[in-house]
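Student: Could you please go through this structure with me, step by step?
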There are 2 protein chains.
Amino acid sequence: MSDYTSRLAAFLASLTYEQLPEAVIARTEELFLDWLGSALAGQGTHPIPLFERYAEKMGPREGACEVLVSGTRTSPYFAALVNGASSHLVEQDDLHNSSVLHPATVVFPAVFAAAQDLGRSGQELITAAVAGYEAGIRIGEFLGRSHYRTFHTTGTVGTLAAAVGVGKLLRLNHEQFIHALGNAGTQAAGLWEFLRDAADSKQLHTAKAAADGLLAAYLTADGLTGARHVLEGDQGMAAGMSQDANPEYLVDRFGERWALLETSFKFHASCRHTHPAADALLELLWNEELGPDDIQHVITHVHQAAIDVLGRVDKPQTVHQAKFSMGTVLGLIAVYGKAGLAEFQQHALHDPSVARFREKVSMILDAEVDAAYPRRWLGRVEVVTTDGRRVFHGIDEPKGDPGNTLSRDELEDKFQRLVSFSKALTPDETKALIARVWQLRHLTSVCGFLVPPASRSKA
Amino acid sequence: MSDYTSRLAAFLASLTYEQLPEAVIARTEELFLDWLGSALAGQGTHPIPLFERYAEKMGPREGACEVLVSGTRTSPYFAALVNGASSHLVEQDDLHNSSVLHPATVVFPAVFAAAQDLGRSGQELITAAVAGYEAGIRIGEFLGRSHYRTFHTTGTVGTLAAAVGVGKLLRLNHEQFIHALGNAGTQAAGLWEFLRDAADSKQLHTAKAAADGLLAAYLTADGLTGARHVLEGDQGMAAGMSQDANPEYLVDRFGERWALLETSFKFHASCRHTHPAADALLELLWNEELGPDDIQHVITHVHQAAIDVLGRVDKPQTVHQAKFSMGTVLGLIAVYGKAGLAEFQQHALHDPSVARFREKVSMILDAEVDAAYPRRWLGRVEVVTTDGRRVFHGIDEPKGDPGNTLSRDELEDKFQRLVSFSKALTPDETKALIARVWQLRHLTSVCGFLVPPASRSKA
């Protein structure tokens, strides 16, 4: 057994804001805005009110930490819990491809709560989030695909990512980071079994990962010791929960590779397997100046996993299921030019023009697309027009991926759509919050972030 | 996949106090007293004050639920957390052999907190505890020995056992018990990796199991759905965390077999895996009239799990780690005739005669002992005396096991030793609390149990 956990802890302890490239700082602000939008979008939708009521019953009714969906305040544990639950609800939060980790929904609830509790600055919040992303992504890659088959990586690894972020805000040293990883790793949990029953566990997993990671970091700061090799040890996470773990991932290119920059924003509000085809169709319609009624048939050339996941949905019965219907997603794209939360809510199930388009869409396995997956998600569509033409179009990097990322304007637009979907904020509040996020690195304190005292805001 | 989880849930939902045999009721009162003693014995010892401070920081400063080590009150989540941590600290809490589960330290903190929160009676507390024991023991047996190799069963399975007990107090129905198991099972965590570092994770595991199980039950009662086959499903606990799971254990003889009655009280203050050898050595020394200096070498013939758990400890660095050192335990037995809390505190680390004896002790795997385990914990020791004799001795049921159990007098004596060790209670308080426990089934409310209002006590 080598000293992988210790080397990871050393990197985390030594990380400073000054080391971060400008691109990493800017992207962290963007990921933070994207996370805030996702968290606010969950307002009012089952099961989020259950977590709010639970926090009210079990936690204090006051504190420094904001619960985003309610605007109330509580202790850091319960703020992390509720914000962790709400930010994964609408499935619009970010994703890191090779680790299959959704970092924002576990890292930001924890570091946001702890930063408010501890009165930390925007720069410290940014550094803490980067630490959480860098650790979480490497640990997810380390545990490998066998882990993901049974365990919901965002739940399990998320506990460690959250602990790391909070650990940074608590200014843990090298030795303490080893213990924080130990204390978080031994709490890591989350099984995929709920999926076939469409149960509420996804929100429970992100809520608990954020809150338990925070708990691990706070107890560590107060002196609780943990296993020194919780990741790679003989009775550690990999031993119990993986068959193909590779510890070299844990120490991959510290300070050179910024894994946070590899994170994808979600653009469409649908299953990610539909995104490449949606992007390709959108460009094709634009280039060819075609409308939905100009099209006779759409053949999407896809990877096998897309057929495995999407092939089961014929005529969707629920909005959630419609997000796994290639025909519905492309119908929304063709008729409304986008497939966002509002389009799904209003048009996915009972809109005749979308239903008509859905019947025109088919999927076929494509060898080139399949060979590139999962490293690259290629979009290839073939359209037969009503006047008999046959048009091909392809995109090589879906909208939101690192090489085709969203601009700040597009992120603002997505944010506005997310918060207006749940009616969480007024337009004025929305503008003010966006402006505050773009000032994050200049804030001396992130307290009262949602409802700032006039005296504090530098924005 | 069969309907194992559902059948278990049906039994739990239908269980009533009236169904419980008198022996089960009486034993539950005894187990409750034993648990209270263990919880109070943890007062003031690291890391328990950390959990107290954490609860004060994160939770409310008032509530119906008593924190035993501090006499303060808080919400049920934090009472379960702190009482769960403290009741496993001195390693004197009960154990169920074949499931390798310590039921009291996870079930009682949760049901005690929930019963106080909900204003339930002593009979309801007893019924809830029985449900937690019956479910937890069967789930531990189901997950098997492969689970225990990497996972701390009391942490993982404890989460479900606690959820079941609290679910009874919340009066969940059959369908809700399925969801409660799902919501608890997907939070189940706890790795043995901490053991070689003598880290504080054992208390974290029991604290979190009790508190997370309570969280699962409360959220379920409010409508959170969970996986319907979290135990036996394709992506459930057994799939992810066991290689030898047998679901028939989950539905073993409901209403006929009372697994709670199979639980052992701990006599020595050490890891249970040392007890069979300790009892065998004690008898051997007595029979042969041997002292520690008459002995050249002790070979303990043990089951594999004893080697897995105890084999990590060479020279113990802390009192807690000494409880996992076979040599230290047998050294205390040989030199002082017992291995209680006081002996550990005073002699486990720096006593030269105990250290000398420790070096004389080795473990070897014994086929007969291993085959009987975990149903029976056989004690087999082989002693080589300084004058060259070789003496064998065996015991078939360690002190405290169901067939060799402690009487109420012995339990009261153990309780008094536990609370006087930590100075948690005065002699008068001790007597009053013991009397209250023996009246448990007659109490209309368990609120203010540690510090009862004069108007309430029927004792």
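Predicted model: local features only at pLDDT ≥ 70, side-chain atom pairs only at ≥ 80, totals over all residues.

Student: How many helices and strands are in chain A?
Tutor: Chain A has 19 helices and 6 strands. Both are DSSP runs numbered from the N terminus: helices are H or I with at least four residues, and strands are E with at least two.

Student: What are the spans of chain A along its principal axes?
Tutor: The C-alpha trace spans about 70 × 55 × 40 Å along those axes. For 459 residues, a compact globule would have a radius of gyration near 23 Å, and the 22 Å of chain A agrees with that. The radius is taken over C-alpha atoms, and the globule rule is 2.2 Å times the number of residues to the power 0.38.

Student: What share of chain A counts as buried?
Tutor: Of its 459 residues, 64% count as buried. Buried means under 20% relative accessible area, exposed means over 50%, and partly exposed is in between, with a 1.4 Å probe and protein chains only.

Student: And what about contacts between residues that are separated in sequence?
Tutor: Among contacts in chain A between residues at least 6 apart in sequence, 77% join residues at least 24 apart. A contact means heavy atoms within 4.5 Å.

Student: Let us take one residue. Where is A:L101?
Tutor: A:L101 sits in the loop between helix 4 (76-86) and helix 5 (104-118) of chain A. Its relative accessibility is 0%, so A:L101 counts as buried.

Student: Which residues does A:L101 contact?
Tutor: Leaving aside neighbours within four places in sequence, the contacts of A:L101 include A:L95, A:H96, A:G136, A:I137 and A:V157. A:L101 and A:T156 are 55 residues apart in sequence, with their C-alpha atoms 9.7 Å apart.

Student: Is A:T405 in a helix or in a loop?
Tutor: A:T405 is in the loop between strand 6 (390-395) and helix 18 (408-422) of chain A. Because its relative accessibility is 25%, A:T405 counts as partly exposed. Not counting residues up to four places away in sequence, A:T405 touches A:R27, A:F265, A:K399, A:G400 and A:E410. From A:T405 to A:P76 the separation is 329 residues in sequence and 32 Å in space, C-alpha to C-alpha.

Student: What should I know about the backbone in general?
Tutor: Most residues other than glycine have a negative phi, and most peptide bonds are trans.

Student: Where are the cis bonds in chain B, then?
Tutor: One is the peptide bond from B:H46 to B:P47, with omega near 5°. B:P47 lies in the loop between helix 2 (22-41) and helix 3 (48-58) of chain B. Another cis bond runs from B:Y373 to B:P374, also with omega near 5°, and B:P374 is in the loop between helix 17 (367-372) and strand 7 (379-385).

Student: What is the phi of A:R171?
Tutor: A:R171 has a positive phi of about 60° although it is not a glycine. A:R171 lies in the loop between helix 7 (153-169) and helix 8 (174-185) of chain A, and at 51% relative accessibility A:R171 counts as exposed.

Student: And what of A:A198?
Tutor: A:A198 is not a glycine, yet its phi is positive, about 50°. A:A198 is in the loop between helix 8 and helix 9 (201-221), and its 66% relative accessibility makes A:A198 count as exposed.

Technical notes: Residues numbered from 1 in each chain as written. Chains lettered and ligands numbered in written order. Heavy atoms only, no water.
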